[in-house]
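Here is a short tour of a predicted model, arranged by topic so that you can follow along in your viewer. Have the structure open as you read.

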Amino acid sequence: MDTNVQQEKGNKWVTRLSYATGAFGNDWFYAVLSTYFIMFITSHLFGKGDNAMILYITNIIAVLRIVELFIDPIIGNLIDRTKTRWGKFKPWIFGGGLVSAISMSVLFTNMGGLNRTHPFIYLLIFAFLYIVMDIFYSFKDTSFWSEMSSLTFNSGEREKISTFARIGSNIGGNLPGMVIMPLVLFFSLTKNNGAGDLHGWSMFGMITGIIVIITVLAVCFGTHELDSNLRKNEEETKLRDVFKVLLGNDQLMWTAIAYGLYCIGINIFNSAELYYFTYVLGQSSKFAIIGTINMIIGFFSISAFPILAKKFNRKNVFYACIAIMTVGALLLTVAGQNMLLVVIAMELFATPQAVIFLVILMTITDSIEYGQLKLGHRDESLTLAVRPLLDKFGGAIAGWCMGPIAILAHMTKGASYKTVTPHDVMIFKVMVIALPLVLILLGCFFFWKKVKLTEAKHAEIVEELERTWGENGNVETATDAPIVAGEYNVTAPIQGKVMPLSAVKDDLFSKGAMGLGYAVEPTDGDVYAPFDGTVKQLYPTRHAIGIESTNGIKMLIHIGLGTVEMQGTGFISYVDQGQKIKKGDKLLEFWDPAIKKAGLDDTVIVTVTNSNDFDRVDVVPADGTEVKPNEVALTITKD
């Protein structure tokens, strides 16, 4: 693999911590933008008599964010085309972070009083700065999360980096809720019944900008992109392809509809929490309680997800989470000014959100294989792009709603918990509790009624793909190597004791449905390339790989029976789909004790899936003998 894969640069711990720092800054920015910026607009920039300006601003934000969703594929294409001495992603991470940080800092001001003296000019400048900020944040966000794949080709290390990133995201997403009011009040010239003033909020915006810049620099100096041939000639994402995948993949579509409704609901509810503390409780300085508890519980809920999903299955976990959120929302309707009940209600609503996010993420990820089986081609990047698009869409619609809600409930600049009437509170609760709950339950209904992609169903799909690999279009055939006449000696990909396919405890293999070949009782967990060729299929669970030689031999290497259920635990891949490989390159690695601990058969099956294209496929070693990766295991003949 020397010609294709460059070794990782720098210290792994520095890379992990630097990337986690970047995730912290990324989610801090998004939390401030999606949850707290609208309160600055309604409660500190404009007030009574400025309802028209509030509506103009919220409409501008919503329209610009929705329009920006359609720009995202173009952003992806531009990033893919980027070639600089600093790599593909870092220029956009740094440039996007710097521009979005400065733009946000300016937007958290009144621009020298323009909002009062020249409101039309203010609106024009606001619209320009906001779309610039949002677009450059998208450049930074897309580049940042894409960079993970460029830091290492080792799946195990990717999982470690991803875990650190999730921890950073959890802190970054919740810490603003802990510190926003203490910081705002600290920098405010007047306390304004505990809500702070324009100066305090502007300083908070500046602090956010500084945090973004610092965390961007940590990523730029602490991480290193691999300069590898495997990262070249990537496929460009086209807007029409996004909708083609969405509409053609019905499980992805229904999951997207369910999650989209859910996103709108939780964003409205989450955005309203600070309003509740400010205008209903009159204790905005204590809002930090919510952020603190959210951050702590977030660690436990993320950690508990694999255990819960394995014991109860993902869909049941999803329904349980929705039930808990419903209890929280209903409790808040009667909590009134009882601080303890309010905190309990908000935490019941917030705690399941991290788990639901993971359920949806796993379901969307599984829909890749579903779409591959149904549509005849694999669309990884396009499919996974749906989730962040829906997050942005939910935030845009929620921001659109909060302006009119604040106006209807008389929770704008100049108001306080003393001036807000019980009727105002009732209107507020209907709009920020009842409406989100209806949307969330509607999303849950679609998920229950239309999404059939369970873990068991996904395992069946993967097995079907394995069975039909290379036969009906599930694998791209445009680049298939021509079958060349001759006799070819193919070495074993793994060390172990040879056994006939007929002894394999799976009819697909034992009866030859997957092609001719042999099986191995492994004595080592390293899997090597038996010939020069291309990786044609690599499953996310990393328990199987399809490869094709330069002379047209298609081979499936399948590790264990039923190991798809392990969801990648104990498996590491050293190659990517589409990668060129050389004989002897390390393809996969697995930990045999993990397979046995799961109570599964660890037999490794090696089959030539296009055996019918050849005249003879002969197994060289005798049954029961030991074979090593450098020894010939198959002789394949084409007259």
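**Briefing: cores, strands and loops**

The largest nonpolar core holds 126 residues, and Y122, F126 and W201 have the most contacts inside it. A nonpolar core here is a set of buried Ala, Val, Leu, Ile, Met, Phe, Trp, Tyr and Cys residues joined through side-chain atoms within 4.5 Å. Buried means under 20% relative accessible area, exposed means over 50%, and partly exposed is in between (1.4 Å probe, protein chains only). The model is predicted, so local features need pLDDT of at least 70 and side-chain atom pairs count only at pLDDT 80 or more, while totals for chains, interfaces and linings use all residues. Residues are numbered from 1 along each chain as its sequence is written, and side-chain values use heavy atoms, with hydrogens and water left out.

- Leaving aside neighbours within four places in sequence, the contacts of W201 include Y36, F40, H44, F108, M181 and L274, where contact means heavy atoms within 4.5 Å.

**Strand 11 and its partners**

- Strand 11 (residues 601-608) is largely enclosed by the rest of the structure, because 7 of its 8 residues are buried.
- Strand 3 (residues 516-522) runs antiparallel to strand 11 and is joined to it by 5 bridges; two strands pair if DSSP finds at least two bridges between them.
- In that pairing, L516 stands opposite V608.
- Strand 7 (residues 554-561) is also antiparallel to strand 11, with 6 bridges joining the two, and I557 stands opposite V606.

**N249, between two helices**

- N249 sits in the loop between helix 9 (239-248) and helix 10, and it counts as buried at 1% relative accessibility.
- A polar atom of the N249 side chain lies 3.1 Å from the backbone nitrogen of L252.
- The backbone oxygen of S367 lies 2.8 Å from a polar atom of the N249 side chain.
- Beyond its neighbours within four places in sequence, N249 is in contact with S367, Y370, G371 and L375.

- Helix 15 (residues 386-408) has 23 residues and should span 33 Å at 1.5 Å a residue, which agrees with the 33 Å between its end C-alpha atoms; the expected span is 1.5 Å times one less than the number of residues.
- Just after helix 15, H410 takes a positive phi of about 55 degrees, although H410 is not a glycine.
- H410 lies in the loop between helix 15 and helix 16 (422-450) and is partly exposed, with a relative accessible area of 48%.
- N313 has a positive phi of about 75 degrees and is not a glycine either; N313 is found in the loop between helix 11 (288-312) and helix 12 (314-335).
- With a relative accessible area of 28%, N313 is partly exposed.

**Whole chain and confidence**

- The chain has 19 helices and 14 strands, and buried residues make up 56% of its 639 residues.
- Mean pLDDT is 84, and 88% of residues reach 70 or more; pLDDT is the predictor's confidence in each residue, from 0 to 100.
- pLDDT stays under 50 over residues 1-7 and over residues 228-237.
- Where pLDDT is low, the predicted coordinates should not be read in detail.

Notes:
Helices (H or I, at least four residues) and strands (E, at least two) are DSSP runs, numbered from the N terminus. A polar contact is a pair of N or O atoms within 3.5 Å; within protein, one must be able to donate a hydrogen and the other to accept it, and residues adjacent in sequence count only if both atoms are side-chain atoms.
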